Amino acid sequence: MSGAPLLSINDLKTYFFITEGVVNAVDGVHLKINKEEVLGLVGESGCGKSTVALSIMRLIRPPGKIVGGEIWFEGHDLLRKSEEEMRKIRGGKVSMIFQNPTSSMNPVYTVGSQIAEAIKLHQDVRKHETDEKVVEILHKVGIPDPGKRAEDYPHEYSGGMCQRAMTAMALSCNPMLLIADEPTTNLDVTIQAQILELMKALRKDFGASILLIGHNLGVISELCDKVAVMYAGKVVEYSKLEMIFEKAKHPYTQALLESIPRLDAGAERLRTIPGTVPRLINPPPGCRFHPRCEYAMAVCSKQEPPHVEIGQGHTVACFLYTENGRTKRHR
Amino acid sequence: MMEMPETILEVRNLKKYFPVRGGILLRQVAAIHAVDDISFDVKQEETLGLVGESGCGKTTLGRTILRLIKADAGTVRYMGRDLLGLKEKELRKARLEMAMVFQDPYASLNPRMTVADIIGEPFDIHDLAKGNERKGRIVELLKRVGLAPFHMYRYPHEFSGGQKQRIGIARALAGDPKLIVADEPVSSLDVSVRAQILNLLKDLQDDLGLTYLYISHDLSAVEHMSDRVAVMYVGKLMELAPAEGIYRNPLHPYTKALLSAIPVPGRKAVKNRIILKGSVPTPIDPPPGCRFNPRCPHRQPICAKEDPEFIEVSKGHFVACHSRK
């Protein structure tokens, strides 16, 4: 590994202050992304993965608030930047693709003019150059007849094309970090395959680091180098992609992997995780997974498990693996 | 020798078109061919999986079979009886034996009714049980789906998504059905909860001898659940075969592309992935010939002219494709 990571998040805490209480959506998350690396952030709905993304972009709106932590990007803490400075970074060095492409675009402007807006904001280019750039980038993401389609409005695009256009917009200023929040979730599988292919190609072309957020482990497998697994506002396991799928250590990761029906395994019965994802207003004390964990010990409900490095770059937050804890063997 | 499984549901040439109106007079200007001449059988105690992408008409097909939507043409026979010709009163009775589990448990339970009233409603409508017997049967149903008797006095908002879907399943079971149409029963649930519901559906099938029509866009879940699988594309069936046949030996180019498009957890890439061009065409006045021909990698001149017949190419394996004759 060369040099410092491109992005490193230390002890990030983002809470939502609602009438019922405080929702600890992100509660002490540590993450790092190296240059040209693709990190997958996986977890179920409500585990806080999108909140991590929005916190990096500083797009958390009240009642939400970033209450602690640091987000280091290129030697600066993004949390200490002024709103003015953040605006320059957003869409420039750090850009984002949102989950629902059709509703993330402005319906009253043409697709081309929306992409042009991003270019004008961040780059010093002339009018006709901007138009050329728009057509060029639309061509790169595989929009047929880009000169003509740039004049279309978002409703004239299909879901897959909208996602391509969103991607074009995000890539238009050559970002160093691209955050993609469930970029294929709302698409049909055959369209998803097209977008996956596009992202793989773009990864090679642009050399940007990507934070890919998703719950579809198949999609994550195809694109990522490393994976961080989140549960109830915390990262529970972080490792290289292969290690997560072959040697997952955290009981939650293991159970999650075994509970998905897979095309390549004909298991009669799926493994289930008892109970449901906890509400984050009053998260369980200690390890947040302990009420659903089959290996739970007395300590799990009292103390929070520390992150332990159990292999090269493989960390896990579970008492089964602490140095002085027991070394119960899993499959 | 095993006894040949009896056919419980026989669908023949079923059609459902929705009118598209336009102009000042709101005349019908086009039609959405949601279900377009579909025929298949469902055998007793099997699970027939119905897969397809969004907008292909799979939900409409499920609803048309149960007569929640009126069909335009064709027949649906349930245990030999013509469902589409039944009078209102007879239909109500027949509906006891057929139930539906809906996609969105958040929207399909009345928020103002207690769980007991939701599950007990079929008893009231059909006058099946009253007083203590009604209560006893509700408790029994709750236990069957993995809930506790004390849950009966609660309201839907007090439950999580997975529990809500359990309530939806309990309601479906109230009339002692033989056939259940399950329309995307787990797609709105958290990943870790999906397995619980899929396992529950399997257990209920084993215990009660249920027959399922399992509608979903998730091909991995369908493989897990189904004995046979039907693949739908823009209002038509493209292929129908035992699950083994669909997943190990798919014949239709669309089925092949669909299967190869699924990313597999733990794998960097799927070998020989077929990337289809373009997107699913609208079912409004679809193209002539095979519906799939504009995107098909093996297209021939005939494909744009003639609609391929749905033929049995090997035992129990049906396919609608000109290159398979």
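1. Starting with chain B: its domain assignment, which is automatic or taken from a database, gives domain 1 as 7-97 + 177-319 and domain 2 as 106-176. Taken over C-alpha atoms, the centres of domain 1 and domain 2 of chain B are 29 Å apart.

2. A word on the ground rules. This is a predicted model, in which local features need pLDDT of at least 70 and side-chain atom pairs count only at pLDDT 80 or more, while totals for chains, interfaces and linings use all residues. Residues are numbered from 1 along each chain as its sequence is written, and chains are lettered from A and ligands numbered from 1 in the order in which they are written.

3. Back to the two domains of chain B. Their contact (C-beta atoms, placed from the backbone, within 7 Å) takes 12 residues from domain 1 of chain B and 11 residues from domain 2 of chain B. On the domain 1 side, helix α6 (residues 191-208) of chain B gives the most, with four residues. Helices here are DSSP runs of H or I with at least four residues, strands are runs of E with at least two, and both are numbered from the N terminus. That domain 1 side has eight nonpolar, two polar and two charged residues. Nonpolar covers Ala, Val, Leu, Ile, Met, Phe, Trp, Tyr, Cys and Pro; charged covers Asp, Glu, Lys and Arg; the others, Gly among them, are polar.

4. Now the chain-chain contact: 34 residues of chain B meet 36 residues of chain A. On the chain B side, α6, α7 (219-225) and α9 (253-261) of chain B are the elements that give two or more residues. α6(B) gives the most here, with seven residues. The chain B side divides into 18 nonpolar, 10 polar and six charged residues.

5. Do look at α6 of chain A (residues 159-171). 12 of its 13 residues are buried (20 or more other C-beta atoms, placed from the backbone, within 10 Å), so α6(A) is largely enclosed by the rest of the structure. The buried residues include A:Arg164 and A:Gln163. Their cover includes β6, α3 (111-122), α4 (127-140), β7 (177-181) and α7 (189-206) of chain A.

6. Last, A:Ser95, which is found in strand β6 (residues 94-97) of chain A. A:Ser95 is buried, with 26 other C-beta atoms within 10 Å. Leaving out residues up to four places away in sequence, A:Ser95 touches A:Ala170, A:Cys173, A:Pro175 and A:Leu178. The C-alpha atoms of A:Ser95 and A:Leu178 are separated by 5.1 Å, though the two are 83 residues apart along the chain.
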